Amino acid sequence: MRRTYGIAGVLLSAMLALTACGGGGSTGGNPLDTTSAAPSGSASGAGGKAIVGSFDFDESVLLASIYAQALEAKGVQVEEKPRIGSREVVYDQVKSGGLTIVPEYNGNLLAFVDIKDTSVTTDEVNAALKQKLPAELEVLDSSPAEDKDSLSVTKDTQAKHSLNTIEDLAKVSKDMVLGAPPEFKKRWESRFKEVYGLEFKEWKPTGPTTADALKDGSIQVGNVFTTDPKMTTNDLVPLEDTKNIFAAQNVTPLLHKASADDTIRTTLNGISAKLTTDSLLQMMQKISVNKDEPATVAKEWLTGNGLA
């Protein structure tokens, strides 16, 4: 289950029921047993609570826990419903009021709402969302934190070929093997050639082993998500996407408008103001590498940032 994608890539996310970005997890039970909407103007979801949901991957669970614990610290009664599933299910639950809040990725959310929209930057994506979301929903401030596609290389490959941007790959890509999920070639081959002039020697379906394939040298370029802990442990470098082929994927709260009040909005915007890609990467390392619980990691980050 993961987060994806840029303008061309996001177009398939709605059809594939991808949530955004991260590892999988078991669902277990029925997390959607509360579906009634809250009264207009109340600071809570169904049953007098702010119901915070998440997609079925670790990063989403972490972000939802950050939201939930911060709200609790402000005196809001909170119920968490983790690992619900795909965007189709989660989106409908927020729209109906069965969920009050879910951490979203703005680019993927826009692709789900309007598969033909071509917005790329954070400002463009958010402006489009505010126009196209139904009246029941709203997005709050986006954080600087992004979990998005990248073309990454090892530090050794970067140094050997003086690679800093995706555009730099054009001079060497014909001699390189690109590793990515199986569907990546179909989505991106023509787009990379059109925008950056890239043609690769081979496209290898590496999926979740992409970061390790970069490290062992079986591929030279890989599609790795920017908050994957192996970015750090495998000494990988994401090449700068100077032409914005990958759309913005900022972490952005999605709310059921009638179920939120100023306390909820202010608290979540305060989180967004301090959440960075680097801090998200560090937290995901604790979860994926150290096997820390998402709630524990969330609490540490909130305390360290004066938010709980």
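Which residue just after α13 takes a positive phi? In this predicted model, in which residues are numbered from 1 along each chain as its sequence is written, local features need pLDDT of at least 70, side-chain atom pairs count only at pLDDT 80 or more, and totals for chains, interfaces and linings use all residues. Side-chain values rest on heavy atoms, with hydrogens and water left out. The residue in question is Gly-306, whose phi is about 65 degrees; helices (H or I, at least four residues) and strands (E, at least two) are DSSP runs numbered from the N terminus.

Within helix α13 (residues 294–304), the residues Pro-294, Val-297, Ala-298, Trp-301 and Leu-302 are buried, where buried means under 20% relative accessible area, exposed over 50% and partly exposed in between, with a 1.4 Å probe and protein chains only. Because they cover an arc of only 135 degrees around the axis, they lie on the same side of α13, the arc being that of the directions from the helix axis to the C-beta atoms. An α-helix has 3.6 residues a turn, so residues three or four places apart point the same way. The buried residues of α13 pack against α3 (58–73), α11 (262–274) and α12 (277–288), contact meaning heavy atoms within 4.5 Å.

Elsewhere, five strands form an open sheet of mixed pairing, in the order β7-β6-β8-β5-β9, and two strands are taken to pair if DSSP finds at least two bridges between them. Since β7 (202–205) and β9 (236–238) stand at the edges with a single partner strand each, one side of each is left without a neighbour in the sheet.
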